[in-house]
Amino acid sequence: EGMAPPQRILFPPEKICMDWQQRCRAGAGLHNPGNMCFLNSVLQCLTYTPPLANYLLSREHSHSCRQQGFCMMCRMEKHVNTVLHSSGCAIYPSAVISVLTLIGEHFQLGLQEDAHEFLRYAVDAMQRACLSGISNLDISSESTTIVHQIFGGFLRSRVTCSSCKAASDSYEPFLDIPLDIKAASSVTAALEDFVKPEQLDGENCFKCSQCNETVAASKTFTIHRAPKVLTVCLKRFEDFTGGKINKVVKYSTCLDLRPYMSQTAGEPLLYSLYAVLVHSGNSCHSGHYFCYTKASNGLWYEMNDSSVDRCDINTVLQQQAYLLFYVR
């Protein structure tokens with residue numbers, strides 16, 4: 001596919017199980033000791049990620065873990081097992097809160113943080129745990145951990161010279177896709193904008209190796225390798241002011257990623273919605289996070305810190321979503 005194959009496979013892909021292996025009602029709610037709603041809502045979305053939950057429920061990681069000290073995979077395994085075996089009550093997420101500063105040194109107990117940022121740090125910490133004790137890996141091999149095989153994909157950036165039409169490709173791994181929503185009224189419209197060619201001219205001209213000169217060009221991002229779990233971040237917060245874009249962006253229970261791939265021909269690439277994380281409030285510095293997740297019994301629940309309540313899909317689809325989680 002244009003990319004170098006991995007020199008080493010760290011986790012056998014055939015062992016990743018995409019469908020829930022145990023079916024039960026929703027697990028525990030999470031107590032909030034103060035301003036920890038960002039952490040609680042992210043943890044609930046991760047807990048109901050079927051391939052990750054299946055692996056953590058098997059306790060396979062802790063049985064073979066050799067890591068000294070902090071291991072995010074061990075922490076998540078403990079947390080997910082406690083939550084999913086404690087239906088009908090609420091627990092204190094101590095397995096994760098007690099290592100908050102090890103997940104990201106700027107995170108502090110009692111301070112409100114951005115849920116998307118915490119998600120990034122938490123998944124990165126799980127990825128680091130999977131790579132612990134292994135050195136000298138190429139980028140393709142690093143993407144064969146169970147974490148990257150679940151959440152990760154690759155983007156292709158293609159720059160095409162306007163003069164000679166030569167194309168130059170580069171590839172970069174991703175763990176989620178941030179979508180600009182200023183001009184988009186739906187996720188599919190935002191994805192169309194994401195893969196729309198961008199013109200490089202003026203100060204942004206491109207040095208073409210074929211023409212051997214600086215020329216105008218177009219640059220296009222496409223999804224080159226699709227993840228098993230697609231995480232979409234709708235960019236609601238302004239970079240400098242922290243102000244929020246309070247608009248409805250439509251999303252559906254089913255998403256076809258095929259039109260946004262490097263190879264647009266072929267079977268549809270279908271994803272099913274299983275979690276929605278919501279921010280209520282007017283800026284990134286205040287407000288409240290909660291989420292909706294689909295449990296292994298196929299039913300939807302609103303998860304708001306310690307409360308876990310049944311809800312219907314129409315309620316889920318009417319939210320001002322911040323993060324969307326889709327499973328292939």
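A: The lining of the second largest pocket receives at least two residues from each of α9 (146–151) and β3 (153–161), where helices are DSSP runs of H or I with at least four residues and strands are E runs of at least two, numbered from the N terminus. The model is predicted, so local features need pLDDT of at least 70 and side-chain atom pairs 80 or more, while totals for chains, interfaces and linings use all residues. Residues are numbered from 1 along each chain as its sequence is written, and side-chain values use heavy atoms, without hydrogens or water.

The volume of the second largest pocket is about 290 Å³, and its lining comprises 10 nonpolar, seven polar and four charged residues.

For context, the largest pocket holds about 370 Å³. Its lining has 17 residues, with H61, S64, A129, C130 and I134 closest to the centre, and both α3 (60–64) and α7 give it two or more residues. The greatest contribution to that lining is the three residues of α3, and by class the lining of the largest pocket has nine nonpolar, five polar and three charged residues. Helix α7 spans residues 115–131, and its N-terminal end is capped by D114, which places a side-chain oxygen 3.2 Å from the backbone nitrogen of H116.

How values were computed:
The expected span of a helix is 1.5 Å times one less than its number of residues. A polar contact is a pair of N or O atoms within 3.5 Å; within protein, one must be able to donate a hydrogen and the other to accept it, and residues adjacent in sequence count only if both atoms are side-chain atoms. On a 1 Å grid over the protein atoms alone, a cavity is a set of points where a 1.4 Å probe fits but cannot get out, and a pocket is an open set with protein on both sides within 12 Å along at least five of seven lines; lining residues have an atom within 4 Å of a point. Grid points are joined across faces, edges and corners, and a volume is the space filled by probe spheres set on the points. Ala, Val, Leu, Ile, Met, Phe, Trp, Tyr, Cys and Pro count as nonpolar, Asp, Glu, Lys and Arg as charged, and the others, Gly among them, as polar.
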